[in-house]
Amino acid sequence: MHFPYLDIILRSAAVYFFMTIAIRIFGKKELSQLNTADIILILLISNSVQNAMVGTDTSLWGGLVAALVLFVINFIIKKLTHKYKLIGDLLLDKPEVLIHDGKLDFTTLSKLDISNDELKEAMREHGLEHFNDVKLCMLEIDGTISVISEDKKHLKQTHYKRKHNHKNFRK
């Protein structure tokens with residue numbers, strides 16, 4: 001007996017894993033701050049892989065099965081990345097230290113293509129003017145730059161969202 005939606009399930013799973021690997025390779029971890037080119041890319045990719053997932057079955061049920069498969073796989077992957085460090089290390093980026101105790105990490109800033117102007121803008125948005133005022137500045141896994149001030153009385157942590165899609169965070 002042939003399960004009519006098995007083909008859609010297998011195709012959807014293949015597309016999901018392909019997209020996961022492609023996003024990991026191309027480093028699109030700035031999805032919380034999409035620019036116009038990123039939105040266009042996502043729309044075009046979704047349109048291009050739709051037929052790859054559902055094949056000739058363009059019925060409502062075919063589309064719902066494909067969507068359900070994507071949700072289930074995404075749920076399982078999230079659970080596995082939390083439970084198993086190795087899977088998390090393979091699929092997720094790590095936060096990067098940009099400034100520690102007022103000292104800039106120029107190697108990391110260069111690798112991540114974060115400009116001096118962008119770093120200063122993030123600091124100003126946190127109410128800081130000088131690098132020496134920064135206790136810790138991190139590029140978080142979601143693409144935000146978080147800054148913790150040196151001022152112990154008014155310890156403040158906020159998040160600066162990167163406005164630019166620079167080079168990959170990590171390949």
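## A pair of rings

Rings of Phe, Tyr and Trp (its six-membered ring) count as a pair if their centres lie within 6.5 Å; planes under 30 degrees apart are called stacked, over 60 edge-to-face, and the rest tilted. By this rule there is 1 aromatic pair here. The rings of Tyr 16 and Phe 17 have centres 5.6 Å apart and planes at 85 degrees, so this pair is edge-to-face.

How covered are these two residues? A residue is buried under 20% relative accessible area, exposed over 50%, and partly exposed in between (1.4 Å probe, protein chains only). Tyr 16 is buried at 14%, while Phe 17 is partly exposed at 39%.

## About the model

This is a predicted model, in which local features need pLDDT of at least 70, side-chain atom pairs count only at pLDDT 80 or more, and totals for chains, interfaces and linings use all residues. Residues are numbered from 1 along each chain as its sequence is written, and side-chain values use heavy atoms, with hydrogens and water left out.

## The whole chain

Helices (H or I, at least four residues) and strands (E, at least two) are DSSP runs, numbered from the N terminus. The chain has 6 helices and 5 strands, and from the N terminus on they run α-α-α-α-β-β-α-α-β-β-β. Of its 171 residues, 31% count as buried.

## Helix H3

Let's check the length of helix H3 (residues 60-83).

Which residues of H3 are buried? They are Gly 62, Val 65, Ala 66, Val 69, Ile 73, Ile 77 and Thr 81.

Gly 88 sits in helix H4 (residues 85-91) and is buried, with a relative accessible area of 7%. Gly 88 and Lys 78 are 10 residues apart in sequence and 8.6 Å apart in space, C-alpha to C-alpha.

Glu 96 belongs to strand E1 (residues 96-100) and is buried at 10%. Its side chain makes a polar contact with the side chain of Lys 111 (3.3 Å). A polar contact is a pair of N or O atoms within 3.5 Å; within protein, one must be able to donate a hydrogen and the other to accept it, and residues adjacent in sequence count only if both atoms are side-chain atoms.
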